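Hi,

Here is the structure I promised to pass on.

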Amino acid sequence: MNDPLEGSEISVLLSGSAPDWKGGTMKLRGTLLAAGAITATATAVLATTGAAAATTYTPPGGWDHTWSTPDHSATVYVEEHGDVIKLCDTKANGNSAQVLVFQHGWRKAWWTAKGNGTCVMHRASEGDPYDLDEVETKLYFHGAETEADTIRSFSNDH
């Protein structure tokens, strides 16, 4: 019994055999490669756009709380509804900004923004540990290793 695909472009592509340079196989392969390159490029652009959108996010009505370290090396933004906390490294000092989130006397979460002008944001929709309890929440944050932590608290009641 003969294979109906034998010698076809699909057969050649699936078998890994050498392509027929005179036929349309190379056209199909070129089309598939171009489609793959376009898909990869679009994915990279969308991923970058999503990351940029996340760090430039401002909630409707503004942030509930905005605090900076005394030397202005780090800034923390808080939106209680949705448990959104954004940390930004705001000084070119060779250090990364860091925030630690405490609830019930225990560290619940922590993260770092690495480099001047970078921000990292987390929200409740990401699940534990970013889905905060509806209790007093303390933030310990700094933007320089030699600087003492700035401590701020809020009642997470939304």
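Let me start with the overall picture. Among contacts between residues at least 6 apart in sequence, 47% join residues at least 24 apart, where contact means heavy atoms within 4.5 Å. Of the 158 residues, 30% count as buried; buried is under 20% relative accessible area, exposed is over 50%, and partly exposed is in between (1.4 Å probe, protein chains only). The accessible surface comes to about 9,600 Å², with 58% of that belonging to carbon and sulfur atoms; areas come from the Shrake-Rupley method with a 1.4 Å probe, and for residues only the protein chains shown count as cover.

Before you read on, a word on the source: this is a predicted model, so local features need pLDDT of at least 70 and side-chain atom pairs count only at pLDDT 80 or more, while totals for chains, interfaces and linings use all residues. Residues are numbered from 1 along each chain as its sequence is written, and side-chain values use heavy atoms, with hydrogens and water left out.

The protein has 2 helices and 8 strands, in the order α-α-β-β-β-β-β-β-β-β along the sequence. Helices (H or I, at least four residues) and strands (E, at least two) are DSSP runs, numbered from the N terminus.

Now the salt bridge. The whole structure has 1, counted when a side-chain nitrogen of Lys or Arg is within 4 Å of a carboxyl oxygen of Asp or Glu. It pairs K108 with D128, and their closest N and O atoms are 3.2 Å apart. K108 sits in strand β5 (residues 106–113) and D128 in the loop between β6 (119–122) and β7 (136–142), so the pair ties together parts that are 20 residues apart in sequence. K108 is partly exposed at 22% relative accessibility, whereas D128 is exposed at 64%.

D128 has another feature: a cis peptide bond joins D128 and P129, with omega about 10 degrees. P129 is in the loop between β6 and β7. For background, most residues other than glycine have a negative phi, and most peptide bonds are trans.

Two histidines are also worth a look. H72, in the loop between β1 (65–68) and β2 (74–79), has a positive phi of about 60 degrees and is exposed at 53%. H104 has a positive phi of about 60 degrees too; H104 lies in the loop between β4 and β5 and is exposed at 54%.

Which residues does F102 touch, leaving aside its neighbours within four places in sequence? They are R107, K108, E136, T137, K138 and Y140. F102 is in strand β4 (residues 97–103) and is partly exposed at 23%.

C88, in strand β3 (residues 84–89), is buried at 4%. Beyond its neighbours within four places, C88 contacts S73, A74, T75, Y77, A97, A113, T118 and C119.

Finally, D64, D131, D133, E134 and D157 gather in a patch of negative charge on the surface. Patches take residues with over 30% relative accessible area and no salt bridge, joining like charges within 9 Å and nonpolar side chains (Val, Leu, Ile, Met, Phe, Trp, Tyr) within 5 Å. D157 lies in the segment after β8 (150–155) and is exposed at 51%.

Cheers

Terms used:
Lys, Arg positive; Asp, Glu negative; His and termini not counted. Charge placed at Lys NZ, Arg CZ, Asp CG, Glu CD.
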